[in-house]
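Keep the sequence and the model side by side.

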Amino acid sequence: MADRTESSIVIDAPPGEVLDVIADFEAYPEWAGEVKDVTVLAEEGDGWADQVQFTLDAGAIKDTYVLDYDWDVVEDGTGVVSWSLVSAQVLKTMNGSYTLVGDGTGTKVTYRLAVDVKIPMIGLLKRRAEKVIVDTALKELKKRVEASDRA
């Protein structure tokens, strides 16, 4: 895999609740600031989305793309949710994963992301963009899970 960015955060909720928020793609525009629209394109009947189309407006990167998901999780919500890019206009690569590990009463979430675009971009700028995406996504995920946990 190409260079990637990785960061972790602890969310004050059990892994199953964190996984439920990650899997609720249609709600992403409500809490993931750069995601403007989401459509689940395919599901194999196991309750997990297999292909999802996103419309992203992240300032410098605006795109509509499709991700293919793999759900390697167990019943309590721990495990790995990974994705890879199927199609896009601007993005060349968008591969990543969430790893959920029980951490006492909370969940440690590690987000790994590798992004590349079809237009030339300096590696340092790509890594910086990945870091912003990863850090923002983790903070927004934590905020969403902990707010719904208390509702």
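R112 forms a salt bridge with E6, with the closest N and O atoms 3.0 Å apart. R112 lies in strand β7 (residues 106-117) and E6 in strand β1 (residues 5-11), so this pair ties together parts that are 106 residues apart in sequence. A salt bridge here is a side-chain nitrogen of Lys or Arg within 4 Å of a carboxyl oxygen of Asp or Glu. Strands (E, at least two residues) and helices (H or I, at least four) are DSSP runs, numbered from the N terminus.

A word on the source. This is a predicted model, in which local features need pLDDT of at least 70 and side-chain atom pairs count only at pLDDT 80 or more, while totals for chains, interfaces and linings use all residues. Residues are numbered from 1 along each chain as its sequence is written, and side-chain values use heavy atoms, leaving out hydrogens and water.

Back to E6. R4 also forms a salt bridge with E6, the closest N and O atoms being 3.6 Å apart. How exposed are the partners? R4 is partly exposed, with a relative accessible area of 43%. E6 is partly exposed, also with a relative accessible area of 43%. R112 counts as partly exposed at 23% relative accessibility. Salt bridges that share partners join R4, E6 and R112 into one network. The exposure classes are buried (under 20% relative accessible area), exposed (over 50%) and partly exposed (in between), with a 1.4 Å probe and protein chains only.

Strand β7 takes part in another pair. K92 forms a salt bridge with D116, the closest N and O atoms being 3.7 Å apart. K92 lies in strand β6 (residues 91-103) and D116 in strand β7, so the pair ties together parts that are 24 residues apart in sequence. The structure holds six salt bridges. Side chains of opposite charge can pair when their charged atoms come close.

Next, the rings. A search of the whole structure finds 13 aromatic pairs. Rings of Phe, Tyr and Trp (its six-membered ring) pair if their centres lie within 6.5 Å; planes under 30 degrees apart count as stacked, over 60 as edge-to-face and the rest as tilted. One aromatic cluster is formed by F25, Y28, W31, W48, F54, Y65, Y69, W71, W83, Y98 and Y111.

Now the surface. Which residues form the negative patch? They are E43, E44, D46, D68, D70 and D72. Patch residues have over 30% relative accessible area and no salt bridge, and like charges are joined within 9 Å. Asp and Glu count as negative, and the place of a charge is taken as CG of Asp or CD of Glu. Strand β4 (residues 61-73) gives the most to the patch, with three residues. E43 sits in strand β2 (residues 35-43). E43 is partly exposed, with a relative accessible area of 48%.

Strand β4 also holds L67. L67 is buried, with a relative accessible area of 3%. L67 and T78 are eleven residues apart in sequence and 21 Å apart in space, C-alpha to C-alpha.

L100 lies in strand β6. L100 counts as buried at 2% relative accessibility. L100 and D50 are 50 residues apart in sequence and 19 Å apart in space, C-alpha to C-alpha.

End at helix α1 (residues 15-23), the place of P15. P15 is buried, with a relative accessible area of 10%. P15 and T105 are 90 residues apart along the chain, and their C-alpha atoms are separated by 9.1 Å.

Methods
Patches are made of residues with over 30% relative accessible area and no salt bridge: like charges are joined within 9 Å, nonpolar side chains (Val, Leu, Ile, Met, Phe, Trp, Tyr) within 5 Å. Accessible areas come from the Shrake-Rupley method with a 1.4 Å probe; for residues, only the protein chains shown count as cover.
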